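My entries follow in the order in which I looked.

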There are 2 protein chains.
Amino acid sequence: MTAINYQFSGEIDSKKQYAEIIEKERMELLMRQFKLRDHNVPVIIVLSGMISAGKSEIVNLLNEWMDTRFIETHVHRPRTEEELGRPYFWKYWRRLPGQGETGLFLGSWYTEPWFKSLNGDISEKEYLSRMSDIRKFEEMMAADGTLIVKIRLVLDQKEQEKRLKASKSRPAYSWRMSEDDMNAGFSFQKKMEHTDRMIALSHTEASPWHFVDAGNSRYRNLSVLQLLIECFERHLQKLQNANGNMVTYERPLGIPNHLATVDLGKTLDRSLYTELQKKYRQSIYKRAWKSHRKEKSVILVFEGADAAGKGGTIRRLIRALDARLYRVIQIAAPKGREKTTHYLHRFWTRIPRAGFITIYDRSWYGRVLVERVEGFASEAEWQRAYDEINQFEKELTDSGSIVLKFWLEISPDEQLSRFRAREQTEYKNYKITDDDWRNREKRSAYDEAVNEMAERTNTDYAPWHFIPSEDKKFARVEVLKIVNKALKRI
Amino acid sequence: MTAINYQFSGEIDSKKQYAEIIEKERMELLMRQFKLRDHNVPVIIVLSGMISAGKSEIVNLLNEWMDTRFIETHVHRPRTEEELGRPYFWKYWRRLPGQGETGLFLGSWYTEPWFKSLNGDISEKEYLSRMSDIRKFEEMMAADGTLIVKIRLVLDQKEQEKRLKASKSRPAYSWRMSEDDMNAGFSFQKKMEHTDRMIALSHTEASPWHFVDAGNSRYRNLSVLQLLIECFERHLQKLQNANGNMVTYERPLGIPNHLATVDLGKTLDRSLYTELQKKYRQSIYKRAWKSHRKEKSVILVFEGADAAGKGGTIRRLIRALDARLYRVIQIAAPKGREKTTHYLHRFWTRIPRAGFITIYDRSWYGRVLVERVEGFASEAEWQRAYDEINQFEKELTDSGSIVLKFWLEISPDEQLSRFRAREQTEYKNYKITDDDWRNREKRSAYDEAVNEMAERTNTDYAPWHFIPSEDKKFARVEVLKIVNKALKRI
């Protein structure tokens, strides 16, 4: 698949005629912007192109043609300290448009790898891995209903040189040129090669590239305008036909019953419990500071049956940590803006910066647990979530973080007796709700979901640990032991 | 007013008895946390104290005692590059708790000025100005219904020295100690002097300081626990009695009719319009890049009657700017989380970083315009907003930003004809709503609000410019002229 050249279909005879066409077409665009908004579609426009091709002018025009209330323009800048301390895509997750909004990216996730490959600052392996991350990112967004339009403005070598010369003689524009100093020293040819390769590696069905000739600015403007109208229209039509096109997923056959292998008989006596807790805590305390020094992040995910003891286990764990180093995030059902963005958005935007620890009391696994069982996510949504989650955790660990996942398991009988005890204890009363009793009824559906989750998301880089939690003391110490061991590797 | 020493009222005889008291009291705290949540109260807890006083332990305990789902802990770190490029309080506005949430600050807005004054890195004038900003920040939060509890854990010199010595001999803790290296080299006495002064300058009725003796950890824990219960309870009682206590504001007498002085007869002929636009645009383009180099931010606020031409004026202005440098933010009625935070929150969190331009199409002045006229804000709220806005703009300009405010004025007749024209033009159709017609009916109420706004928020550092906009060409060029002149000063 090669990029698509897009060209305005008509002829422009005069300035007046140009203005008339613009006037007519911008309304077509505006109407489609509103329709996409009615359908809650997030739109991403990636605008890239050569120096002097007129990217900035196109940004201004788009803000003029469309309803700017729903557009946010993001201009590329080198990653800040905060951004460098996290996976590459963190910066972009924070800037994603919500439903009905448009994110206009002048410079995007392509900019950094492009410059790095041009300057030879990135290994081949890393470059290919980054491009693969980009494809997966765009595929994930597209699968979630985002419309992505990628535009590249192109000039031939002669035209570009002419423009560069002209802009140098005009003092008003000389300021900008130095912005582009980083391009200096590379030939047109060399830059084209790097661009072509990048395009080839990221031109996908979910998110194709469109080339627009920027040699004549009126034709360029109208090409972009018509291209957007076409892409918007095509997406609207796809939405209308969507119901007929159910995606079917292959279900893995014969998922092992991982839960059945958890030995719930494990116990720990009190004196050993006290002794081991103390030992592991001192070690974890020290190692957490050490990983802070080494700027490594740690992400701990706690999932488990209701009343399995997640809260208590986390409380014992944080006693081993200096409050300066960790953060506990409790995840409830999404609300407000969280409901209008990709389900991973609220997790991506809250990952720890380099050197810190984030503990999730429930997590992104809600997608394949409660959302699957309760039908809050469609089958297509939770089915593709396994890959999306694996990719998310891969990007976390690629950037140097440690990811540990715990499933706390108890028997139905033990759960019942804990529910009853909670109802008796005044200050624990608030912890037991009708939902808990309802979930209990669905135990077998939850067990199936847990087994599939374990089967499909237990990776080398982010392994699951199933913790027998019938005996709270055993579970707490087991978690401390695993955390301690993982920190040792840093 | 001096800080309040708070001491647990009972006696603790044994570990067992201590555990029993904790068990009982934490429930009292939890219940009050829920009640404050029912009343949508945001809670800020500032936790400060000497090294080794046990701040980290208290953070862990509070997360254990209260419902952590509604607590977010913020630990002090030096300001990042992103934070340094903005006014001091930007960092904290981003971290404010919403309604029903608790923000627990271990290290806070006090930390940086404290270290700077200790190290002699801040002038007396700057220090006093920062402390004044702190008082105003806390007063503003308190006035908006936030409960602020400021706690300082104190140790006597002998006890602190003992703990420091002990922690040095224990390897597990030695990691943390070096965190506090920045304290090194200053005597206990000297640090106390700086602390005392800071407390004296920030111990206000709206937000008093509470001292807790941290010499004995059980007493310390119980003191903090009881102190919080008392503060929460007092706030709940204040809420119940609130209706009897209406605050009355002094209205300024005889506000001049600023609007009447706007000469709506001003016009500009087309050829001069074209010529001047070109001239100013070239100059603004160049100067905007220059201010970018100098890392100065520019904040442009556009307000005006409906159909006065804000959008068109902004579009002409941005043609003079490189898309890399500016951002247009259109402000509509607050929604979602915006409704549960201080009204300035969404503006504070979106101010430009150093070197960039933000253009607000409507702004924080909505508080004293539409919210006042339509009754969305109570009189107490919009009355105190003038001072709050002045303070906000002062902090912006203190940090090196330029703030310009434009009011675009048209006559009622011209407005009517523009409304009618909009209804005729297909692509402008969406711009005219029933609200616009309704607002028109309230012209005199709006005029009164505009005049009072002009009278009370026209400051040296952030002046208002009233732009006659009956003739769009005149208005557009006038704005370009003023922006150009302001950029020249950078």
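Predicted model: local features only at pLDDT ≥ 70, side-chain atom pairs only at ≥ 80, totals over all residues.

I looked up what covers the buried residues of H10(A), and the cover includes strand E1 (4-6), H1, H2, strand E5 (147-154) and strand E6 (209-213) of chain A. I took helices (H or I, at least four residues) and strands (E, at least two) as DSSP runs, numbered from the N terminus. I counted a residue as buried if 20 or more other C-beta atoms, placed from the backbone, lie within 10 Å of its own. In H10(A) the buried residues include Arg220(A), Asn221(A), Leu222(A), Phe232(A) and His235(A).

Residues are numbered from 1 along each chain as its sequence is written, and chains are lettered from A and ligands numbered from 1 in the order in which they are written.

**Chain A and its domains**

I found 19 helices and 11 strands in chain A, and of its 490 residues 36% count as buried. The domain assignment (automatic or from a database) gives domain 1 (4-244) and domain 2 (264-488). The centres of these domains, taken over C-alpha atoms, are separated by 40 Å. Their contact (C-beta atoms, placed from the backbone, within 7 Å) takes 17 residues from domain 1 of chain A and 17 residues from domain 2 of chain A. On the side of domain 1 that touches domain 2, the largest share, 5 residues, comes from H6(A).

**Chain A against chain B**

How many residues does each chain give to the contact? I read 38 residues from chain A and 39 residues from chain B. I then superposed the copies by least squares on the C-alpha atoms of residues with pLDDT of at least 70 in both, and chain A can be laid on chain B with an RMSD of 0.0 Å by a turn of 180 degrees and a shift of 0.0 Å along the axis. The two copies are thus related as by a two-fold rotation axis. Of the residues of chain A, Gly336(A) comes closest to that axis, at 2.9 Å (C-alpha). Since 100% of the interface residues of chain A are also interface residues in chain B, the copies meet through the same surface.

Conventions:
Contact = placed C-beta atoms within 7 Å. Buried ≥ 20, exposed ≤ 12 C-beta atoms within 10 Å, placed from the backbone.
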